[in-house]
Structure formats: C-alpha cells, structure tokens
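Here are a few notes to read alongside the model. Have the sequence and the structure open, and take the points one by one.

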Amino acid sequence: MLKYTLHKLLVAALVAVTVSFVAFMLLRVSGDLATALGGESARGEDIARLRAQLGLDRPILSQYWDWATRAAVGDFGRSFYYPEPVWTLLKERLPVTLTLACWGLVISLVIGIPLGVLAALRPNTLIDRVAMTLAVLGQALPTFWLGLLLIILFGLVLRWLPMSGTDTWQHFILPSFVLGYYSTPAVMRLTRSGMLEVLATDYIRTAYSKGLPHRTVLFKHALRNAVIPVVALASVQFGLMLSGSVVIETVFAMQGIGQLAWESISRQDFPVVQAVLLLVSMFYVWLTFASDLINAWLDPRIRTG
Amino acid sequence: MRVTSHLRQFLGLSAIAALLALSGDPARAGKKNDTLLWLTEFEPPTYDFYAQTNREGVVLAKHVWDTLIERDLTTGEFKPHLASSVTFINPTTIEVKLRPGVKFHNGDLLTADDVVFTFNWQNDPQNTKVAARSRTDWVKNAEKVDTFTARLHLKEPFAAAMAFLESSVPIFPAAYTKAQGSEGMSRAPVGTGPYRVTEVVRGKQIVMERYKEYFGGVRGQAKIGKIVMRFVPEHNTQIAELMAGNADFIWRVPKDQAEKLKGRRGLHVTVGDTMRYGYLQFDITGRPGAAADPVRKLEVRQAIAHAVNRKAISQSLQGGGTVLDLTCYPSQVGCASKGAPKYDYNPPKAKQLLAKAGYPNGFDVDFYGYRDRQLAEAIMGDLAKVGIRAKLQWLQYAPLRDKVRKGEIPFNFMTWGSASISDVANSTGYFFMKGPDDTTQDAQLVELLKKAGAEVDVPKRLAMYDEAHALIARNAYWVPLWSYVYFYVMTDELRFQPTPDEIPHMYRASWK
C-alpha cells in the first residue's frame, strides 16, 4: 500500500508541474503582457516601466522557475490588477466556490441517484427514457442559459429567490441547482448501470428468495453496492464543479474563484489565472488520488495489480 | 459548458425575451428611499483613484473627489472648481489659488499642502502604486506659496494642462493619505466630492451618501441622497434585477438588449455618445517591417475613405454615434478644421481613385481588428463593393498594438477613448507625434503638433490644430469613422443626462 501511495504521489506531483508549466507558457505566448496590462492609455515608457517592474523582460524559463519555486511554498506572487497578493484573493474567494461546489454535488447526487435507481428498476421502459432525458437535459442546456431562465422564473416571476449575490443561503439555491443539474447525467448513468449489474447477481436473488421485502433488498443490499463507484465519481465531479463554477458565478454575481478566473483571464492578470489553474488542477489531483486510495483500500486487486 | 459568443448572445436575448414576456411591472424602492441602486460590471481593483485605470474607478472618482478645475458639462468651458483661479504665470508655471473653506469628508481643511502632496506623491518614483504616471508627470514638481496658493512647475510648456487638471488629477487629503497609504485610501476613500463613501464591501458594492457640507462649485449639490454601486458582471442578470425593481440604473447595455427594453413600462432607455471613436489606420512609413502595400498610395486611402458608408454602419449596427471627419472627438479642445476635406460615401469615386492608383480591379489586403467584429465585417463589405478584398485578421488588443508599433500591419481598425481627456493633445496630439503609435511619421505634422502642444495662447494653438487636421485629412492618414455610444437603462423615475466622457455624473441626476 505504501509503494502504491508513493507512486500515486509522484504522479500527482508530475501533473502539478506539467499543468503549471503548460499554463505558464501558454499564457505568456498570448501577447505582450505589459502592453495588455498598461491598457490603451499607457505610453511606450509606461509599458517599458511595467515590463521591468514585473520582471517580464527576463527569459521566460527563468520567470517560470521563480514562479514555481515561490508557488511551491504557497507564494503565488501579487496580482497585476488587484493590489493584493494572489493568495489573499484566493482565500477571500474560495469559501464561496467551495460552498457552491458542495451544494452542487449534493444536488447532483440527490437527483442522479434516485433517477438512476428508477431507470434501473424499469430498464428500457418509458420511465427509463424519461429519467434519462431529464438527466441528459441538464448536460445539454448551457449552464448560463439555464441560470438566466431560473433567475427569471424564481427571481422575477415568482419572487421566491434572490437573483444575484452571496449574502444568504438562499442566494446559493439557484446556482447550486444549475451546477448540480449539469453533472447529474454521469451520476445517473453510473447508478443505473451499477444497479442493473447488482440486481442481476445471485445474492440479490437469494435475498428475494429469503422473503426480504423489496425495499430492504433494494436499498440495503443492492444500492449500497451499486453506489460505490458513484462515490469515486463524486470526487471527480467535485473537481468539475470547481472549474464549472466560472460561468455560474458570473451569471449569479458570486465572488468566487470562478468569477475571479473569468475576470483575470479578460484582464490578463496572469498570476491569478496561473494560481487558480494550479489550485483547481490540484483539487482534481488530490481528489483522484483520494479516490484511488479508497478504491485500493476497498479492492486489494487494485493495489497489487 | 462552453458555447460560442454568438450562441451565448442568442440565448441571452431569448432569455431576455422570456423575461419581458413573463415579468409584470416592477415595484421600485429607489425613489422612496432616496437611494439609487446602480449595477455595473466591474469592481475597480482598488478605490485609490491613482492606483487603477478601471472605468468604474474613474466614475467613482468624479463623485468622491474634486479637481482644481471642472468642465461645465453644458457649455464645455473650463471653470475653476476647487480652485478660485488657475493661471499660467509663465509657459511652465501654473499658479493655483484655492477656494477657502473646502473640507474633506474627514473634516480636514483643503489647503495648498494637499495640492502639493497630490502631485509630488504621484510623481515620486518610490510610489510604486501609481497606475498611470502620465496623469501627473507633465508636472516636474509642485510647491506651496501660502496656505491657499500652490505653484505647479511643468517640465515643458504643456497646453493641455487644463484638460488634464480637469479629468486626471483629483486632489487627495495629504495628512490622511500619508497616514493610511494607498491601501487605507482604498478601504475608506476620503475626498471633498459631492458624495462621501460610507461603506466598502469588497466584491459586492460601494455605498456613498450625499456630502452635506459639499461646497458645490461647478458640479453643484448632489440631489440624490444615497448611491449604491453593486457589481454584477452579467448584463442579463443586471436586466433581470432591473426588471424586478432591485436596481434603478444600468449602463453599457448591449444594443440588442436595450432595444428590447425600449417602451417597457417603468423603464427608460437612453443612448449617449461617448468620446471613444473608431478609425481606420494605415501604415505608410515604409519603416523596416512595413510592407510595400497599396495603402501607401494616397489615392487608395482616399478611395477607402469614400468606400465606407460610415453613417449607415454606425446607425444600423451601433444604434447611434456621430460620424467623424477628424482624428478626434468633436467636443475635445482643438478638434476643428475649416480646411480639412470631407470624404462622403461615394463608391463610384472610390473606384475611380483606385483605377488612378493602378488598381482598376481592386486588390487583396489583410485587415486587422480587435473589437466590434460586426462593424469590422460591415467595413469589409463596403470595401468589397469597390473591389478591395479585405481579409480579416482578428487579434487581441495587446498583440495587435504590438504589431502596429512594429510596422507589421498595413491596415487596421482601432478605437481610442482619449482617456476621457477633452483635449486633442490626447488624440491627434498623441498619434501623429512620432511616437510608437505614429504610423505616418510626417515630419511637418510632428513639428506642427509639437508647437501646438506647447502653445499656451489659445487662438494660436487652435489655429495650429486646425492646420494639422487639414494636413491629416488631405493625406487621408486615417479614416476617422464614428463615435461609440452607450445605452443606459433606468427606472423612469430617474432624471439622468448622459455625457460623452463615459462618466455617468450622478450628482447631476435627480428623481422625477
């Protein structure tokens, strides 16, 4: 298990370095940063001053090395736009995104698992198709459009919920639903296939033959086994929620890291973009790493294979 | 999750259509509470005016701080504001006499120390927070003469000084700024302006209340008691909030959406010109990197000027805008010329000119742009009608500007906002002065503009700019296109008049 863990840690570190290196290079080849930051009214001398001040006149590899060594100890530098260290901005914004992602995940599980169970119980029937359609619709609708429609319905027409901001828990309902609904199909399909597989096994037949009630067999015996892969998927979905919050946070005017990333890309505030990319990819890496470990712990064939 | 911008626009519009169909009349609270709720896209990175260049930051500065002189928005005249007089005592010295009895929001009395500090602090190389040094670096240093008199010593004669004093140099309280620094000023801004900041919630909103001890000056007393500027990045969400009565004012609304809101009960839509204008720029310098392109021939440039139907494009795609003949915005000081030829929309004449230049069948050319693709495509459509086959090259602003500066681009579509400075020194006087953005490098023009920039005698200066504009137009160095417009949507209880400086002056607004 130790060897397996070390191997996975090494892979995680390599992913972090690769993501940060590729992101750093891509961001810097997209144009002269000093010109972009100086904006339209910056004169030639303003741009030259900015270039020297930000160290953009040095070789790109040297810039990357400096950034990477500081980032390794949690120093992501200062934002080009905000007069604050990047880490301060991330700390301010992260709680909103994490809250949104948590609620999004809960909603995705709450919708996806029952739909998957329902579809598995009546495979290839109208119920199965309706459940699948409902789930797939979530992925097919552009999130910003669904968000706007919900704003119109619940904020404007019914006046039940606030439309934008993060002041109260009610502000999180609509964006969490949009985010959660988007990732429902994956949960639903995995639950459905897991349930179909489990329901066809001998131990379920045995449980029925023992005279156990349908509900007990379904929830206590079948579902508990069928959702194990869903738990692993949920960790990946959580990473998806973090990156997927970019559009939703913008539509609902939520000051999370998604909106920060969107703003920073448009302003070419690269230290922030770089840090957000690294942070989100690290979430992915650690969540995948955690799910690998859980799977390995649950199934010895994985860690010895 | 990602959709193209066209699909996004289409879906946004369909959401607005649904919104209009489903919503009832909004119940507004703004007037009742004497509180104007203003939604805008971006939060400034800091509320210290000098440490940022964001448009919202510039707008807020007009409400929180004052400048020594102010432009009368009705007559366009510069008038003393914080100052009782501002005079050139010689070409490189400006004497400022302050209006006595003006108090900052924290109770400090405005004195010459504040004026001296503002200039010297912004020009101090140790002050690394300054975002645009060009706002103040035309002043070498400032000195105190007595409690209410200061002198500004300029690096060289600078005729646009009044325009800069009006738009770019709000006076900061010396003692407070020294004690609090840029960060403290951002957390709790203090000025002399018609509104004092009562709350800053980073990431959410800034709240300002009418300053009861405001001295008035040219701006006059604010009429609305409280302004809340809230940051909502998505236009569609802003519109929904406005429709629900949760907001009173939104601006920079896309044309399609604003038009859908026209005639809606409870709302008022207005369109206003801005100082930003579009132009076609040619590189005719022949410097290394600049290709030997058809646009280097005068007749070709004149043909392009005659080929583009500026009025039709601006009206149909922008919903307004002023068609321009000169390389500046009409209300800028010095933006006039009696001798400049005008290029009307005349495709047959354009074809004749092309034939004369040796291109009877037109030619192929790369055409670069960075914003307003629809407008760029409409220009290309008009060019195609006279045989100029333009191939669109779309870039981000920064790489495009780099390429222009390196002389790698023969023909491009750009825009310029003059940093809201109402003097041609920051438009014509910037682009044709042999700087990196000068793609003509005309020595006669450079000399003329240099003299005009240093001439403090106003009639002489205006005559020089007149001549410079005529020279530019005769050579068709640029094809000035149109001014840009903003759409503003607001509750019909609000009385608001837009101005071309891209600043909604809310101290002039009132409830009906």
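1. Start with Tyr368(B): its bridge partner in S15(B) is Asn412(B). Keep in mind that this is a predicted model. Strand S13 (residues 363-369) and strand S15 (residues 411-416) of chain B run parallel, and 2 bridges join them.

2. Now zoom out to the sheet. It is an open one of 10 strands in chain B, with mixed pairing, and its order reads S8-S9-S10-S1-S11-S16-S12-S15-S13-S14. Strand S8 (195-201) and strand S14 (388-394) of chain B are the edge strands, each pairing on one side only. On average, neighbouring strands here are turned by 25° against each other, ignoring direction.

3. Most residues other than glycine have a negative phi. Asp372(B) has a positive one, near 55°. This residue is partly exposed because 16 other C-beta atoms lie within 10 Å.

4. Chain A has a case to check too: Arg159(A) isn't a glycine, yet its phi is positive, about 60°. You'll find Arg159(A) in the loop between helix H7 (143-157) and helix H8 (173-182) of chain A. It has 13 C-beta neighbours inside 10 Å, so it counts as partly exposed.

5. Is Pro500(B) buried or exposed? Buried, because it has 22 C-beta neighbours inside 10 Å and the cut-off is 20 or more. Pro500(B) is in the loop between strand S17 (494-495) and strand S18 (510-511) of chain B. Leaving aside neighbours within four places in sequence, its contacts include Asp273(B), Thr274(B) and Tyr329(B).

Definitions and conventions: Residues numbered from 1 in each chain as written. Chains lettered and ligands numbered in written order. Predicted model: local features only at pLDDT ≥ 70, side-chain atom pairs only at ≥ 80, totals over all residues. Pairing = 2+ DSSP bridges. Helix = DSSP H or I, 4+ residues; strand = E, 2+ residues; numbered from the N terminus. Axes fitted to C-alpha atoms, helices over the stretch in contact; angles between N-to-C directions. Buried ≥ 20, exposed ≤ 12 C-beta atoms within 10 Å, placed from the backbone. Contact = placed C-beta atoms within 7 Å.
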